[in-house]
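I opened a new structure today and kept notes as I went. Here is what I looked up, in the order I looked.

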Amino acid sequence: MIQDAYVEQLVKRKNPPYALAVKILLGILFAVSLFLAVTTMFGILVLLAVGAAAYFVMLRLNTEFEYLYIDGQLSIDRIMNQNKRKKVMECDKDSLLMVAPLDSYVLKDYEAQGMKTVDCSSGRSDVKKYAFFYQDGQQRMKVIFEPNERLLHCIRNTSPRKIVM
């Protein structure tokens, strides 16, 4: 009996050092624009602009990544502010070229000039990061991520020659 491989992992991206300053600045701008909206007609436009900017900035500051591995199909989604989901990438075991630790010498053979690199890691330095390469049509892609042991084990079970631990 063949067992289906299913692993789901959620990785929260560390807030950048400037996140608190940006939040305070947006609060101050919002208060000033609210005062302008009450006193002048032009202030309403400023209030709308600051509100839209605050929405998009706050959406980008709170980011998580979901790694989902189902029967040889790996997909990574970006979840912004815990409510908006965007697919970052999706590849099957046939288009997967190599999975290895980020500091591995094996990755040098797969890197190419002009290659698109996507960082789907938490940004923390104390966590072991991996990189995987996959073929997306004619373009080769590099994705940096932080898989747990279960995810690495499932990838190894379905594609044993394409993973370096």
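**The helix pair**

I began with the crossing of α1 and α2, which is left-handed (the near helix is turned anticlockwise from the far one by less than a right angle). Helices here are DSSP runs of H or I with at least four residues, and strands are E runs of at least two, numbered from the N terminus.

I noted that this is a predicted model, where local features need pLDDT of at least 70, side-chain atom pairs count only at pLDDT 80 or more, and totals for chains, interfaces and linings use all residues. Residues are numbered from 1 along each chain as its sequence is written, and side-chain values use heavy atoms, without hydrogens and water.

Next I looked up the axes: those of α1 (residues 19-39) and α2 (residues 42-61) come within 8 Å and cross at roughly 160 degrees. (Axes are lines fitted to C-alpha atoms over the stretch in contact, with angles from 0 to 180 degrees between N-to-C directions.) That makes α1 roughly antiparallel to α2, a term for angles over 145 degrees.

Then I listed who touches whom, with contact meaning heavy atoms within 4.5 Å. Among them are Leu-26, Phe-30 and Ser-33 of α1 and Gly-43, Val-50 and Met-58 of α2. The contact residues divide into 16 nonpolar, 2 polar and 1 charged (nonpolar is Ala, Val, Leu, Ile, Met, Phe, Trp, Tyr, Cys and Pro; charged is Asp, Glu, Lys and Arg; the others, Gly among them, are polar).

Conventions:
Parallel < 35°, antiparallel > 145°, perpendicular 65-115°, else oblique.
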